[in-house]
Amino acid sequence: MTSWFFNTYHQEPVIVPADLSERQFQIRAATPADLYGVAQIITESFHSQKGIWGWAFPLLRLGIYEDLKHRLATPAPHHVCLVAADTTKDAANNLVGTVELGIRFSHSWIQTGRSFPYLSNLAVRPQYRRHGLASGLLKNCEKVSQEWGFQDLYLHVLENNYQARQLYCKLGYRVHKVESNWNLFLPKSSNQILLHKHLSNDLST
(Lines give C-alpha, C1' and ligand atoms only; values in the text may rest on other atoms or scores of the structure.)
Protein backbone atom coordinates (compact mmCIF):
# COMPACT_ATOMS: atom_id res chain seq x y z
CA MET A 1 0.00 0.00 0.00
CA THR A 2 1.33 3.44 -0.87
CA SER A 3 1.45 5.81 2.08
CA TRP A 4 0.34 9.43 1.80
CA PHE A 5 3.59 10.20 3.61
CA PHE A 6 5.44 9.59 0.34
CA ASN A 7 2.75 10.62 -2.14
CA THR A 8 3.97 13.42 -4.41
CA TYR A 9 0.54 14.27 -5.84
CA HIS A 10 0.20 17.38 -3.72
CA GLN A 11 3.26 19.19 -5.01
CA GLU A 12 2.49 22.78 -5.86
CA PRO A 13 4.24 26.16 -5.85
CA VAL A 14 3.69 28.77 -3.17
CA ILE A 15 3.33 32.47 -3.94
CA VAL A 16 5.08 34.69 -1.37
CA PRO A 17 5.36 38.48 -0.88
CA ALA A 18 7.93 40.70 -2.56
CA ASP A 19 10.61 40.47 0.13
CA LEU A 20 10.99 36.75 -0.63
CA SER A 21 10.20 37.04 -4.31
CA GLU A 22 13.74 36.06 -5.25
CA ARG A 23 13.13 32.61 -3.77
CA GLN A 24 10.98 29.76 -5.04
CA PHE A 25 8.96 27.47 -2.79
CA GLN A 26 7.07 24.22 -3.22
CA ILE A 27 4.75 22.25 -0.95
CA ARG A 28 5.15 18.49 -1.31
CA ALA A 29 4.86 15.27 0.64
CA ALA A 30 7.82 14.46 2.88
CA THR A 31 10.36 11.79 1.93
CA PRO A 32 12.62 9.69 4.19
CA ALA A 33 15.49 12.07 3.45
CA ASP A 34 13.46 14.93 4.95
CA LEU A 35 13.07 13.39 8.42
CA TYR A 36 15.97 15.12 10.16
CA GLY A 37 15.03 18.50 8.69
CA VAL A 38 11.39 18.07 9.71
CA ALA A 39 12.44 17.12 13.25
CA GLN A 40 14.69 20.22 13.43
CA ILE A 41 11.90 22.56 12.30
CA ILE A 42 9.38 21.13 14.79
CA THR A 43 11.83 21.19 17.70
CA GLU A 44 13.03 24.75 17.12
CA SER A 45 9.42 25.93 16.73
CA PHE A 46 8.11 24.45 19.99
CA HIS A 47 11.19 24.24 22.26
CA SER A 48 13.75 26.88 23.19
CA GLN A 49 17.46 26.33 22.65
CA LYS A 50 18.25 28.98 25.27
CA GLY A 51 18.09 29.10 29.04
CA ILE A 52 17.98 26.30 31.55
CA TRP A 53 16.33 23.81 29.18
CA GLY A 54 18.69 24.43 26.27
CA TRP A 55 20.69 21.31 27.11
CA ALA A 56 17.59 19.18 26.39
CA PHE A 57 17.13 20.45 22.83
CA PRO A 58 19.12 17.63 21.11
CA LEU A 59 17.22 15.02 23.15
CA LEU A 60 13.87 16.54 22.25
CA ARG A 61 14.87 16.64 18.58
CA LEU A 62 15.93 13.00 18.71
CA GLY A 63 12.60 12.02 20.26
CA ILE A 64 10.66 13.85 17.54
CA TYR A 65 12.87 12.28 14.87
CA GLU A 66 12.23 8.78 16.22
CA ASP A 67 8.46 9.40 16.35
CA LEU A 68 8.50 10.54 12.73
CA LYS A 69 10.65 7.58 11.73
CA HIS A 70 8.18 5.20 13.43
CA ARG A 71 5.22 6.70 11.58
CA LEU A 72 7.18 6.42 8.34
CA ALA A 73 7.93 2.74 9.00
CA THR A 74 4.28 1.95 9.77
CA PRO A 75 2.39 4.00 7.18
CA ALA A 76 -1.35 4.53 7.53
CA PRO A 77 -3.67 5.01 4.54
CA HIS A 78 -4.86 8.32 6.00
CA HIS A 79 -1.70 10.07 7.07
CA VAL A 80 0.39 12.71 5.35
CA CYS A 81 3.39 14.80 6.35
CA LEU A 82 3.80 17.83 4.10
CA VAL A 83 6.85 20.05 3.83
CA ALA A 84 7.40 23.51 2.37
CA ALA A 85 10.70 23.48 0.52
CA ASP A 86 12.81 26.36 -0.72
CA THR A 87 13.60 25.21 -4.25
CA THR A 88 15.85 28.16 -5.07
CA LYS A 89 19.11 26.87 -6.55
CA ASP A 90 21.35 28.25 -3.78
CA ALA A 91 19.15 27.06 -0.88
CA ALA A 92 21.50 25.38 1.60
CA ASN A 93 18.83 23.78 3.80
CA ASN A 94 15.72 23.72 1.69
CA LEU A 95 13.06 22.64 4.22
CA VAL A 96 11.38 25.68 5.74
CA GLY A 97 8.05 24.37 7.02
CA THR A 98 6.03 21.26 7.81
CA VAL A 99 2.64 19.95 8.96
CA GLU A 100 1.06 16.55 9.62
CA LEU A 101 -2.47 15.36 8.98
CA GLY A 102 -4.00 12.13 10.25
CA ILE A 103 -7.22 10.53 11.40
CA ARG A 104 -8.28 10.21 15.05
CA PHE A 105 -11.08 8.09 16.48
CA SER A 106 -13.64 8.30 19.29
CA HIS A 107 -12.29 11.18 21.32
CA SER A 108 -14.18 13.16 23.94
CA TRP A 109 -13.72 16.29 21.80
CA ILE A 110 -15.98 14.86 19.10
CA GLN A 111 -18.97 12.51 19.00
CA THR A 112 -18.13 9.01 20.22
CA GLY A 113 -17.56 6.55 17.41
CA ARG A 114 -16.81 9.19 14.83
CA SER A 115 -13.46 9.47 13.04
CA PHE A 116 -12.14 12.87 12.10
CA PRO A 117 -9.06 14.47 10.47
CA TYR A 118 -6.69 16.15 12.90
CA LEU A 119 -3.88 18.54 11.99
CA SER A 120 -0.68 18.74 14.06
CA ASN A 121 2.94 19.94 14.10
CA LEU A 122 2.42 22.99 11.90
CA ALA A 123 5.80 24.74 12.01
CA VAL A 124 7.74 27.21 9.87
CA ARG A 125 11.35 28.34 10.34
CA PRO A 126 11.43 31.77 12.06
CA GLN A 127 12.98 33.67 9.13
CA TYR A 128 10.26 32.40 6.78
CA ARG A 129 7.23 33.12 8.97
CA ARG A 130 4.45 35.54 8.02
CA HIS A 131 5.04 35.00 4.31
CA GLY A 132 2.15 32.68 3.41
CA LEU A 133 3.89 29.34 3.89
CA ALA A 134 1.78 28.27 6.89
CA SER A 135 -1.38 29.19 4.99
CA GLY A 136 -0.21 27.14 2.03
CA LEU A 137 0.43 24.11 4.22
CA LEU A 138 -2.98 24.43 5.87
CA LYS A 139 -4.83 24.78 2.57
CA ASN A 140 -3.12 21.66 1.24
CA CYS A 141 -4.23 19.75 4.35
CA GLU A 142 -7.79 20.90 3.75
CA LYS A 143 -7.65 19.56 0.18
CA VAL A 144 -6.30 16.22 1.39
CA SER A 145 -9.04 15.98 4.05
CA GLN A 146 -11.69 16.43 1.40
CA GLU A 147 -10.07 13.90 -0.88
CA TRP A 148 -10.27 11.45 2.03
CA GLY A 149 -14.01 12.12 2.18
CA PHE A 150 -14.18 14.47 5.19
CA GLN A 151 -15.82 17.87 5.46
CA ASP A 152 -14.39 18.92 8.83
CA LEU A 153 -10.90 19.50 10.17
CA TYR A 154 -9.68 19.93 13.75
CA LEU A 155 -6.50 21.19 15.42
CA HIS A 156 -5.22 22.46 18.76
CA VAL A 157 -3.60 25.82 19.47
CA LEU A 158 -2.33 27.30 22.73
CA GLU A 159 -4.52 30.08 24.09
CA ASN A 160 -1.53 32.46 24.37
CA ASN A 161 -0.28 31.78 20.82
CA TYR A 162 -1.94 34.89 19.40
CA GLN A 163 -0.19 34.91 16.03
CA ALA A 164 -1.25 31.34 15.28
CA ARG A 165 -4.80 32.01 16.46
CA GLN A 166 -4.97 35.04 14.18
CA LEU A 167 -3.87 32.93 11.22
CA TYR A 168 -6.40 30.17 11.93
CA CYS A 169 -9.21 32.71 12.41
CA LYS A 170 -8.34 34.35 9.09
CA LEU A 171 -8.58 30.96 7.36
CA GLY A 172 -11.99 30.19 8.85
CA TYR A 173 -11.20 28.08 11.93
CA ARG A 174 -13.50 28.59 14.93
CA VAL A 175 -13.31 27.63 18.61
CA HIS A 176 -14.82 24.20 19.30
CA LYS A 177 -13.69 23.81 22.92
CA VAL A 178 -11.36 25.47 25.44
CA GLU A 179 -9.50 22.91 27.53
CA SER A 180 -8.05 23.71 30.95
CA ASN A 181 -4.41 22.82 31.48
CA TRP A 182 -3.98 20.57 34.51
CA ASN A 183 -0.22 20.08 34.17
CA LEU A 184 1.10 19.95 37.76
CA PHE A 185 4.65 20.68 36.60
CA LEU A 186 3.69 23.73 34.55
CA PRO A 187 0.84 25.34 36.51
CA LYS A 188 1.09 28.64 34.61
CA SER A 189 1.13 27.09 31.13
CA SER A 190 -1.51 28.17 28.65
CA ASN A 191 -4.81 26.41 28.03
CA GLN A 192 -5.35 24.57 24.76
CA ILE A 193 -8.08 25.55 22.33
CA LEU A 194 -9.57 22.96 19.99
CA LEU A 195 -10.38 24.65 16.67
CA HIS A 196 -12.72 23.37 13.97
CA LYS A 197 -13.32 24.27 10.34
CA HIS A 198 -16.12 23.04 8.12
CA LEU A 199 -14.57 22.67 4.68
CA SER A 200 -16.05 24.03 1.48
CA ASN A 201 -17.15 21.58 -1.21
CA ASP A 202 -14.98 23.50 -3.68
CA LEU A 203 -11.47 22.03 -3.61
CA SER A 204 -10.11 24.95 -5.60
CA THR A 205 -10.69 27.49 -2.80
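Reader: To start, how many salt bridges does a search of the whole structure find?

Author: Some ground rules: this is a predicted model, where local features need pLDDT of at least 70 and side-chain atom pairs count only at pLDDT 80 or more, while totals for chains, interfaces and linings use all residues. Residues are numbered from 1 along each chain as its sequence is written, and side-chain values use heavy atoms, with hydrogens and water left out. A salt bridge here is a side-chain nitrogen of Lys or Arg within 4 Å of a carboxyl oxygen of Asp or Glu. Searching the whole structure that way, the number of salt bridges comes out at four.

Reader: Which residue does Arg28 form a salt bridge with?

Author: The closest N and O atoms of this pair are 2.7 Å apart. Both partners are buried, meaning under 20% relative accessible area, where exposed is over 50% and partly exposed is in between (1.4 Å probe, protein chains only). The partner of Arg28 is Asp34.

Reader: And how many residues apart are Arg125 and Glu44?

Author: Their side chains meet in a salt bridge, 3.0 Å from N to O. Arg125 sits in the loop between strand S5 (115–124) and H3, while Glu44 is in helix H1, so-called from DSSP runs numbered from the N terminus (helices are H or I, at least four residues; strands are E, at least two). Arg125 counts as buried because its relative accessibility is 9%. The pair links distant parts of the chain, with a separation of 81 residues.

Reader: Is Arg71, the salt-bridge partner of Glu100, buried, partly exposed or exposed?

Author: Glu100 and Arg71 have their closest N and O atoms 2.8 Å apart. They also link distant parts of the chain, Glu100 in strand S4 and Arg71 in helix H2, 29 residues apart. Glu100 is buried, with a relative accessible area of 4%. Arg71 has 28% relative accessibility, so it counts as partly exposed.

Reader: Since H2 came up, how far apart are its end C-alpha atoms?

Author: Helix H2 covers residues 57–73, which makes 17 residues. The expected span of a helix is 1.5 Å times one less than its number of residues. For H2 that gives 24 Å, and the model agrees, because the end C-alpha atoms are separated by 24 Å.

Reader: Within what arc do the buried residues of H2 fall?

Author: The buried residues in H2 are Phe57, Arg61, Ile64, Leu68 and Leu72. Look down the helix axis and take the directions from that axis to the C-beta atoms. The buried residues line one face of the helix, because they fall within an arc of 85 degrees.

Reader: What do those buried residues of H2 pack against?

Author: Start on the other side: the face of H2 turned away from its buried side carries the exposed residues Leu59, His70 and Ala73. Contact means heavy atoms within 4.5 Å. On the buried side, the packing partners are helix H1 (35–46) and strand S4 (95–105).

Reader: Moving to helix H3, which residue's backbone oxygen does the side chain of Asn140 reach?

Author: Asn140 lies in H3, which runs over residues 133–147. Its relative accessibility is 2%, so Asn140 counts as buried. At 2.9 Å, its side chain reaches the backbone oxygen of Gly136.

Reader: How far is the C-alpha atom of Leu133 from that of Ala84?

Author: Leu133 is another residue of helix H3. Leu133 is buried, with a relative accessible area of 1%. Along the chain, Leu133 and Ala84 are 49 residues apart. Their C-alpha atoms, though, are separated by 7.0 Å.

Reader: What is phi of Arg130 near?

Author: Arg130 belongs to the loop between S5 and H3. Arg130 is exposed, with a relative accessible area of 64%. Its phi is positive in a residue other than glycine, near 65 degrees.

Reader: Stepping back, what pattern does the protein follow along the sequence?

Author: Of its 205 residues, 44% count as buried. The protein has four helices and eight strands. Read along the sequence, they follow the pattern β-β-α-α-β-β-β-α-β-α-β-β.

Methods:
A polar contact is a pair of N or O atoms within 3.5 Å; within protein, one must be able to donate a hydrogen and the other to accept it, and residues adjacent in sequence count only if both atoms are side-chain atoms.
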